Amino acid sequence: MKKEFAVIGLGRFGGSICRALSEEGMEVLAIDIDEDKVNEFANIASHAVVADTTDEAVLKSLGIRNFDHVIVAIGDNIQASILTTLMLKELGVKHITVKAQNDYHEKVLSKIGADYIVHPERDMGKRIAHHIISNNVLDYLELSDEHSIVEIAANGNIAGHSIMELDIRAKYGINIVAIKRNKEIIVSPQANEVIQSGDILIVIGADTDINRFEKKALGES
Ligand code: ATP
């Protein structure tokens, strides 16, 4: 059976989730208190309704507890976001993702049992900062406070050498999980794979080790 999603709040973030889910062919109920927003999504989502989700009776009448996953993307109105999340939880929704506006908001959301809390502005800010600090870092995914997966442009310093020659795992304690080469992706490259100029390495490891690899092996660029 197809999974059913509900997106509450159709601002830039909620709207883009709603679009992406619909493009993937998912059943999506789009909800907003603002009629103009709802009209905007009438032809994109499977269903679009005007509703104030801080009203428990409204949530019940939408049959919200039957949805597999509800995304709360109410940003500025933190009170409405918290109240909505609390009621979704009380009504027994199994998976709830909520956009947090700040650290206090996040703390409350995690206390009331939101399953997954996202901080899009903060996370995007960090990713861009990494990219700005080092020209080699193309993208970055934080796994924990100390570990990440990073896309690094392989430059001339390491191009022409095999992974074995570079001895990356022993020297830096990081692993190359894949190499992007033109349109091809080499998953779990072998030790004899020769890095080519223009390759993008996807590496996993401790941030300190990845930084060391960037500075020592690639050199500042
Ligand atoms: P973004 O940064 O994602 O663009 P935004 O600042 O545009 O967010 P917000 O005003 O923070 O959007 O809220 C997102 C949406 O949530 C808005 O379209 C708003 O109408 C809707 N919203 C706010 N309160 C409620 C509520 N109680 N019930 C349903 N929708 C609501």
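Biologist: Buried means under 20% relative accessible area, exposed over 50%, and partly exposed in between (1.4 Å probe, protein chains only). So which is K99, buried or exposed?

Modeller: K99 counts as buried, because its relative accessibility is 9%. Bear in mind that this is a predicted model, where local features need pLDDT of at least 70, side-chain atom pairs count only at pLDDT 80 or more, and totals for chains, interfaces and linings use all residues. Residues are numbered from 1 along each chain as its sequence is written, and side-chain values use heavy atoms, leaving out hydrogens and water.

Biologist: Where is K99 found?

Modeller: In strand β5, residues 95-99. Strands here are DSSP runs (E, at least two residues), numbered from the N terminus.

Biologist: And what does the side chain of K99 make a polar contact with?

Modeller: The side chain of E121, at 3.5 Å. A polar contact is a pair of N or O atoms within 3.5 Å; within protein, one must be able to donate a hydrogen and the other to accept it, and residues adjacent in sequence count only if both atoms are side-chain atoms. K99 also has a polar side-chain atom 3.0 Å from an oxygen atom of the ligand.

Biologist: Which polar backbone atoms are by the ligand?

Modeller: One belongs to R12, 2.7 Å from a ligand oxygen. Another, from I33, is 3.2 Å from a ligand nitrogen. The ligand has 630 Å² of accessible area on its own, and the protein covers 83% of that (Shrake-Rupley method, 1.4 Å probe).

Biologist: New topic: what about the backbone at N182?

Modeller: Phi of N182 is positive, near 50 degrees, and N182 is not a glycine. Most residues other than glycine have a negative phi. N182 sits in the loop between β9 (175-181) and β10 (184-187).

Biologist: Is N182 buried or exposed?

Modeller: Exposed, because its relative accessible area is 79%.

Biologist: What about S188?

Modeller: S188, also not a glycine, has a positive phi of about 45 degrees. Its place is the loop between β10 and β11 (200-206). S188 is at 49% relative accessibility, so it counts as partly exposed.

Terms used
Helix = DSSP H or I, 4+ residues; strand = E, 2+ residues; numbered from the N terminus.
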